[in-house]
Every structure is written in C-alpha cells, then in structure tokens.
Amino acid sequence: MFIFIINIVSLQNKQKEKEMKKSKSFFIVLMVLVLMITMPCFAGGEKEDSDSKTVVYWSMWNEAEPQGLVLVQAAEAYEEETGVAVEIVFNGREIRKTLQPALDAGEVVDIFDEDVTRVNGIWADYLLPLDELASQVYPSTDGKSFENSVSSALLDLARQEGKGVLKVIPYQPYAFIVMYNKDLFNEAGISGTPKTWEEFEVVCEKLKAAGITPLTTDDAYMAVFFGYNIARLAGEERCLEMAMNQDFNDPSVLKFGEIYEDFAKKGYISKNAASNIYPAGQIEEIAKGTTAMYLNGTWLPNEIKGSAPDFNWGCFAWPEMDPNSPSGVETNNYGAQSFGINKNSTVAKEAFEFVVYMTTGKWDGILAQESLGVPMGLNSVWPKQTQEAKVVIDNTTNWMTWGGGMEADANITSKIKENFKKLITGALDAESFYAAMNK
Amino acid sequence: MKKNRSMIIIFLVPAVFCYLSVFFYPSVRTTFMSFYAIEGVADSFSTWDFNGIANYLKLFKTPIFKQAMSNIFLLWFVGGLGVMAVALIFAITLTSGLNGAKFFRSVIYLPNVVSAVAMGTMWINYVFNTNYGILHRIFTALRIESLASVLWTGPGTLFWSMLVAYCFGMVGYHMLIFMASIEQVPRSYHEAAKIEGANIFQRFIHVTLPFLRGCFRTNIVMWTVFTVNFFVWGQLFSPVNLSNDTVAPMNYMYEIVFGASSNSMVARDSGAGASIGVIMMIIVIIAFGLTNFIVKNDDVQL
C-alpha cells in the first residue's frame, strides 16, 4: 500500500505543477488517515460455525489454578456429552477490571463469574434473571429442581444480593472462620475448640506455653479482623452502623484495644502481624507451622497447599466475645463466587446448563476436592480440609457482610490497619488506640 | 537537498494522529469528566451528572487522598534529594577516568531495567523480611539486637523502606543523564582551570556545575513525572487494600475508578478518579514551569 502511494507521489512530483501541491497534500493526508482508521477492520476475526453452539465463559480463575484446571476438564467432558462447546477465557482476578469494557463493547460473553456481591453490584445491568431456569430439572439434579439440589443458604444470599431476584448462581462458597493447625493443637494438649472468649484465652495460653504463636494476621485482612471482633463485641448491626457512619465512638473499640494490647504483651498475637505484607502471614507463619490460628476464609487450605501439602486443617467459628452482645457464633460471614449469565446471550439456556453441570453432581464434587473448597450440591462430598467448616456453616443462622462492613471504605481500612499495627507493636495502648480511631 | 513535502507529511501524519488520539483526546476528555459525577469509566454521556468542582472539593476532604499527596510530596522531596545527590556523585566518579567505568555504569543502571514487580518482591522478601531478610541477618551477626529486631515493613518504617527500595532503582536513570551532560563539558575549560591552579572541588563547582543547569532541570522534571506516576511500588508494598504508609494518588485512583478489591465495596467513582488525574497533570505542569523559570536555559555559545 505504501509503495503504491510513493509511486503516485513521485509521478506527480515529475509534473511540477505548483497549484496541484496544496490539494495533493490534502489528498495524501486524507488517504493515510483513512488507511489508519480502517486498518483494524482488516484484522481477521473468527468465523463461527453456525451448526454447533458455543458458550463463551469469561472466568475469574487463572488457567493454572486448581479451579482453572478442573474447568478445562469439565468443559471437555461437557462438550463430549452434549455437543455444546465451552470456550473459556481465563482472566484471573483482572476480570474485575476487564469485564465491564468488554460487555460495554458488545463482545460475546455468555457466562462470567466473580464474588456474589461484586457480580450483583457492578455488572447488574448485564444479568439475566435466573429464577425460571433454576426451577427446572436437569440431568445432574436427580429428579429435583436445580434450586432444591443446592445449598439454600447460598441461593438466599444470591437473592439478597440481587435485591430479591436470583440473578447469579453461587459456587465455590466460603465461610470466614478460624482456620487452625490441628497438629499444633495436639502438641499443646488442646482438645476440642473454644466457643467463648475465656476458652479462647486458655487455648492461647496453652499454645504459648508449648512455644507456639497462637494467632496472626496479614495487612490485607486487618480491617476484616477488626470488623469481626467489633461485630462480636457490639453486635453485627451496630458494627455495620459504625462502619457506614465512619464513627468509632463506641465502648467496643476501646475493648478491642484492651484485648489486643493484652494479647500483644502476652505474645498471643504474632509481632510479625504488624509487618506482614500479604501473603507473608499465611505462608511464613501458618504454612511453616510456627503459628496455630488464622481468622480467614475456607479458601486458605487451597491457597497454601503448595507450601504445606500435609497440613492437618481444622476450623471453628470465631468465639463469642461477650455473652450480652446480640451477635455470637451463629453470626458469620459467608459468601461465594457466582456465575452470571449475560442477558444479551444468544445461548442462555445452554450457558445455564453448563452452570448446573458445574454446581451439581460429579463436577461439583471434583471442583471442591481439587480446590480444597466447599461444594454446592447437597449430596456432594466435602474435602477433608474443610469438613469442620460444614458444622460452622450449618449452624450459622445470621449472615454478616464481609468484615462487618469495616472494609467498605479505603479511609477506614487504612486507619484500622495503621492503628492496629501500632497496637500490636506496643506503640499504642488501648486508650491511645481508641483516641486514634476517633481522630 | 530538496525537501519533499509529501514525504514529510506521510511520515508525520501517523505520529500526529497517534498523539492526538492516544494523548491529547484522553487528556481533554479526562479534564471534562472531572467536572461530572460518573460511576463507570466507560459509561455513556447521558449518565453523567454535572457537579462542577465538587469532585475536587471532596477529594481534598478525603483523609486517604490527603495522605497520598503527603506521601508523594515526601517521596519527591526527600527521595529526590537523595537520588540526585547519589546520582551526581556516581556520575562524577564514573566520568573522572576510573577503570571499569563502563562496567559500573551498567551495574548501577541494572535496577532500572529489571521489572518493578521483581525488584519490589526481592526487597520485601529478601531484604526487609523480619525473620530471614538480609538486614536482619547482618544485624544479628553484628549482635546489634535493637536493629536486628526492627520491623522494616511495620507501621512507621514501611514508607521509608519503600522509599529506599524505590530510590535505589531510580539512581541509575538519573546518573546516566548527569553523565551525558558532564561528558559534554569541553576539556579546554577543565584544562584552563587546572592551569590556573583550581583543585577538583573548585573545578566541579565553577566549571562543571554551570554546565549542568539544563541537566538539573531535565532531571527534576523527570523525577516529578515519575513521582506523580508512583503506583507499582505502592501496590507491591500494600497488596489487596490501601495503607496510609504506601498510598499514592494513582493507587487511590485505581481503587475508586475500578472498584476496590474488597468484596463489600463495589461503589466506583470515575469522576473523582478523573479529578485525581487532572491534579497530577497540573502538578507536572507546575513543576515544569517552575524549573523553566528558575533554571534558565542559557546555552553557552561555544
């Protein structure tokens, strides 16, 4: 193309007509601009085979993650069984930034997934309501409707997040509870798990006596840790209110300062918690077996299985901290990732069938086993690492939002992190912590 | 040589087009967006709500944004002084006819070539780690208990650790600019000064330094641009959510434009994000204007 232009130009130059120069320049500029703008249109696109259907799924997982590996296998098996191809685009967590522009540009995306709150919140405009599809029966649901074959607590959560309408199908659920090292508990001579704060302090004392650090956290989870404690001390509703109003004028905040000033002095909370840059706490302290307990999600075994393949996991709910408080061990945060279906999808039914395929029956179990996670199907087998979480989840009658709401705003999150770290190092005592939080 | 106007136009048009579409248009659009309340960055114009300078006012009342501005000011001032001083010392040393100058130049520039993510990870895990980092090991070996137990990434020290790690990597770039300028000083001036009896310090202050005026201006402007764009290191030293110690305006902008990583915070504010972008642009323009005004570019006639 350029050679063609150069030839034209040199021919015209030989004529040496001055009055032609202005319009010639204009003509050249126009041609180059037109070429540049239309160039992308010449880029090849893929021709779709009009006979077989393809479901395009933008995934939040990375291909190398256990979930990604299982999805690839499941997609192949699904295509063999049904003839519907599933094209998976592995975005990783960057999907949080990349999906919106793709949807806005009209790119073909039939299924997408992310945290249940996020999908309902950010991509609400693109979600297809799923109540109707969920009430039908599918091959892997044993004669029952889909909605009766999976965890009802999670479907209720999805409906709550979707403002009363089921717009997403949850999967890979998690609960935010204490994940602990059973071997270290045995070493310290602890049997059973603490339900009240007194019992918890006794557990910490025994661990410390055995030379084990009882508790730790990472900078990434400090706001959630604070929120959980405040929710236990003041009640979950009051905690949410404090977070929304950014108002920490409450005795529970002082109590938090007193408890952790004490813990820091006794060494019940690791000094490294003040300097841990995620994921140092979970990898260097928990996985290495120097620290026993971590308030985290049930995804933790999966995240550190590379560093600690034979870890003996146990779980229990964060203990009750005040018998007079409205919230105790029955109040926990749980959530899930969730599949959403694009309301503009031309293969919505097939897309939903794939979602059912992944959340019930054989593949739901495989996904849970490979990712050391929690299954959705009521008949699926729980992996050994998270089995104790089942008891906690079954006994959770009150759902609490992520971190009690304390991670909802960057201003609060950073304030909590800074002051909690100083409380751990001893730079702040309970009174000054309270003052700093109320500044 | 005959100037071929058509060829000039053909070669210029793509570059000008790219400049207008990739730099100029987004700058204009972002400035425009900063006066509206917008949720998603790709939302259509019909969803924009005009709110004047409300975005700017809100930003200057937001604690974490104020903290971010304070952080980059410290970074610019303290970091800048440190980097320029060290870069200048290295530049003078390497242009004084040292053996192996080329080798040292490559070694000092190497951190600039390595990806910031790799550098940051190395600093966090191998230098600053409280249990097995190199600082801990050195101080333990020297039996200085108080320094061995310092939490390098703890509250109060996290910012300075990040500053040191960042500046370490930036020295090479500025050193090269200084070196290029020093090497341009005509030898005749140095020889004349030597004959007159000037020692090395006097020669530096009276001969070299005046020639470095333009170079200082370039370095200050570039350093301002880098500081304003400070993002990756803030993300590395405080992954997942923001910290008062490591937040820079770009980190906060990333958070509010795309939504936080937190599961419970899904609100986005692209209008405020655009305002942050405009504020950063104004800072660079001011810095450029000031340095142009203070350091006049009086090219010596040779």
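Which residues touch the most other members of the largest nonpolar core? The views below take up this point in a predicted model, where local features need pLDDT of at least 70, side-chain atom pairs count only at pLDDT 80 or more, and totals for chains, interfaces and linings use all residues. Residues are numbered from 1 along each chain as its sequence is written, with chains lettered from A and ligands numbered from 1 in the order in which they are written.

**View 1. The largest nonpolar core has 171 residues.** A:Ile177, A:Ile230 and B:Tyr252 touch the most other members. A core joins buried Ala, Val, Leu, Ile, Met, Phe, Trp, Tyr and Cys residues through C-beta atoms within 7 Å; buried means 20 or more other C-beta atoms within 10 Å of the residue's own, with C-beta atoms placed from the backbone. α3(B) gives the most, eleven residues. Domain 1 (54–174 + 335–387) and domain 2 (175–333 + 399–437) of chain A both contribute, so the core lies between them. Domain bounds come from an automatic or database assignment.

**View 2. Helix α13(B) is mostly covered.** Helices are DSSP runs (H or I, at least four residues), numbered from the N terminus. Eight of the ten residues of α13(B) are buried, including B:Pro249, B:Tyr252 and B:Glu255. The buried residues pack against α18 (410–425) of chain A and against α3, α12 (232–237) and α14 (270–294) of chain B. B:Gly259 follows α13(B), with a positive phi near 90°.

**View 3. B:Tyr252 touches residues of both chains.** Among them are A:Ala410, B:Ile64, B:Phe65 and B:Ile276, leaving out residues up to four places away in sequence. Contact means C-beta atoms, placed from the backbone, within 7 Å.

Conventions: Buried ≥ 20, exposed ≤ 12 C-beta atoms within 10 Å, placed from the backbone. Helix = DSSP H or I, 4+ residues; strand = E, 2+ residues; numbered from the N terminus. Contact = placed C-beta atoms within 7 Å.
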